[in-house]
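Thanks, everyone. I'll keep this brief. Let me put the structure up.

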Amino acid sequence: MQHSWALVEDSVLAEQYKVYFRLARTDVDSTYLSNAQTLQQLRTSLKETSHAIDSITIVSCSSPEGPYWLNKRYAEQRGYSVYNYLQNHIRTFREIVLSF
């Protein structure tokens, strides 16, 4: 079984965080696989860094099975779900530029 994920990358600190998604789902589920730990590490890293963060890159994907148009939609929606999660859970994130 392949897992779909979204990668959150901080290029200055070279930190990467993978958030996994359930099959055919696009919502961030903190109870799925290692997401709770990953999201906590991400929140802690963003809150405690002494560096000025001006951007974060979110790379999202889906498994290759199924039609291209559906996988593209899943990947886009997963990226936006991670973005919205960060917007809602990390106050300082609102000022950071996002790229997909």
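This is a predicted model: local features need pLDDT of at least 70, side-chain atom pairs count only at pLDDT 80 or more; totals for chains, interfaces and linings use all residues.

Start with the core. Which residues make up the largest nonpolar core? There are twelve: Y17, V19, F21, L39, L42, L46, I56, I58, V82, Y85, L86 and I90. As background, nonpolar side chains in soluble globular proteins tend to be buried together.

Now a polar residue, N71. It is found in helix 2. Buried or exposed? N71 is buried, because its relative accessible area is 12%, and the cut-off for buried is under 20%. What does N71 touch, leaving out residues up to four places away in sequence? The contacts are S62, S63, P64, E65 and G66. For G66 there is a polar detail: its backbone oxygen lies 3.5 Å from a polar atom of the N71 side chain. A24 is 47 residues away along the chain, yet the two C-alpha atoms are separated by 9.0 Å.

Next, S62, from that contact list. S62 is found in the loop between strand 3 and helix 2. Its relative accessibility is 18%, so S62 counts as buried too. The side chain of S62 reaches the backbone oxygen of N71 at 3.1 Å.

Last topic, salt bridges. How many does a search of the whole structure find? Three.

Take R22 and D29. Their side chains meet at 2.7 Å, N to O. R22 is partly exposed at 34% relative accessibility. D29 is buried, at 16%.

Then R25 and D27. The closest N and O atoms are 3.1 Å apart. R25 is partly exposed at 40%, and D27 is partly exposed at 34%.

Finally, E76 and K72. Here the closest N and O atoms are 3.0 Å apart. Both residues sit in helix 2, and because they are four residues apart there, about one helical turn separates them. E76 is partly exposed at 39%. K72 is partly exposed at 41%.

That's my tour. Questions, please.

Methods: Residues are numbered from 1 along each chain as its sequence is written. Side-chain values use heavy atoms; hydrogens and water are left out. A nonpolar core is a set of buried Ala, Val, Leu, Ile, Met, Phe, Trp, Tyr and Cys residues joined through side-chain atoms within 4.5 Å. Buried means under 20% relative accessible area, exposed over 50%, partly exposed in between (1.4 Å probe, protein chains only). Helices (H or I, at least four residues) and strands (E, at least two) are DSSP runs, numbered from the N terminus. Contact means heavy atoms within 4.5 Å. A polar contact is a pair of N or O atoms within 3.5 Å; within protein, one must be able to donate a hydrogen and the other to accept it, and residues adjacent in sequence count only if both atoms are side-chain atoms. A salt bridge is a side-chain nitrogen of Lys or Arg within 4 Å of a carboxyl oxygen of Asp or Glu.
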